[in-house]
Structures are given as structure tokens and as C-alpha cells.
Amino acid sequence: MKRILVILLLSVPFCLSAQTKKTAPAAGMAASITRGQKVYLQYCLSCHQLDGGGVPNLNPPLVKTSYVTGDKVRLIKVVLNGFAQNVNIDGESYSNNMPPQNMLKDQEIADVLTYVRNSFSNKGTAITVAQVKAVRAKNKK
């Protein structure tokens, strides 16, 4: 009986550290989403609206669109370079120009895109600062 108790007591730290390792990325993503919401409210809200629904035929919605949930590099480039062309997104046409938001820091871009990819009924993986830095570096060439 003592042997079982000792084994159980010795295994508790391993169980706790494994549990912490599982929740640490989720906590990091939650923090990124919280910071990203602040960026969204300041820079994106006026065009893409509070609910991410956009404006028909002008500003595309951010709700379950392939642009949001798809290619991360393409999405990062839209924020860095803006968008000045008529685009068809999931069968709808949008024509309003989006100015570049390249004044945002890499962390802000990663956070706001992580927020958008995980809000408005979207379920996406996080965008990291390293991914934004890499796209920004290639953009300068």
C-alpha cells in the first residue's frame, strides 16, 4: 500500500507538468486573441464592422471566408500591402480599396489576424510574429 502511495505522489508533478504544457499554447493564443481584438476595434472595425460582416460589394466579410481561414501568407500580405483590386471571395465581388496597415508592429498583425481567424465563427490556427516577420522581410525585396 505504501508503495502505491509513493508511486502516486511521485507521478503528480509529471501529470501537472504535462497538463501545463497542454494549456500553455492555448493561454498564449487566448492572450493573442485578446490583444488582437483591441487592434481590430481600432483599425478594422470601420470597414469590416463589429460582427465581421463587412459591407456588401465593398468590404469583404471576415466570417468563414477562404481569405481568412485559408493561406496565412496571403492574409498577412493583405494587411501589409493593402488591397486595391476587385476581388471575388466565395462567390461575392468586393471592390473597395483597403489601405496598407504596414505601420502595425509584427506582434499587432499576428494578434489581429489570430483574432480574426478565431472570431466571427472562424476556427483557425494562430498567426505568429515569426510568420509576419518572414512575410514582411520578403515584401521589402
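What covers the buried residues of helix 6? The cover includes helix 4 (72–81) and helix 5. Helices here are DSSP runs (H or I, at least four residues), numbered from the N terminus. Buried means under 20% relative accessible area, exposed over 50%, and partly exposed in between (1.4 Å probe, protein chains only).

The model is predicted: local features need pLDDT of at least 70, side-chain atom pairs count only at pLDDT 80 or more, and totals for chains, interfaces and linings use all residues. Residues are numbered from 1 along each chain as its sequence is written, and side-chain values use heavy atoms, with hydrogens and water left out.

Confidence is given as pLDDT, the predictor's confidence in each residue, from 0 to 100. The protein chain has a mean pLDDT of 87, and 83% of its residues reach 70 or more. Confidence is highest in helix 5, at 98. It is lowest in helix 1 (residues 2–43), at a mean of 69. Over residues 5–22, pLDDT stays under 50. For that stretch the model has zero contacts beyond four places in sequence. Contact means heavy atoms within 4.5 Å.

Helix 6 spans residues 129–139, and its buried residues are Val132, Val135 and Arg136. Seen down the helix axis, these buried residues fall within an arc of 100°, so they line one face of helix 6. The arc is that of the directions from the helix axis to the C-beta atoms. An α-helix has 3.6 residues a turn, so residues three or four places apart point the same way. The face turned away from the buried side carries the exposed residues Ala130 and Lys138.

Helix 5 and helix 6 have axes that come within 8 Å and cross at roughly 120°. Axes are lines fitted to C-alpha atoms, for helices over the stretch in contact, and angles run from 0 to 180 degrees between N-to-C directions. From helix 5, Asp106, Gln107, Ile109 and Ala110 meet Val129, Val132, Lys133 and Arg136 of helix 6. By class, this contact has four nonpolar, one polar and three charged residues. Ala, Val, Leu, Ile, Met, Phe, Trp, Tyr, Cys and Pro count as nonpolar, Asp, Glu, Lys and Arg as charged, and the others, Gly among them, as polar.

Asp106 lies in helix 5 (residues 106–117). Asp106 counts as buried because its relative accessibility is 13%. Neighbours within four places in sequence aside, Asp106 is in contact with Val129, Val132, Lys133 and Arg136.

Technical notes: Helices (H or I, at least four residues) and strands (E, at least two) are DSSP runs, numbered from the N terminus.
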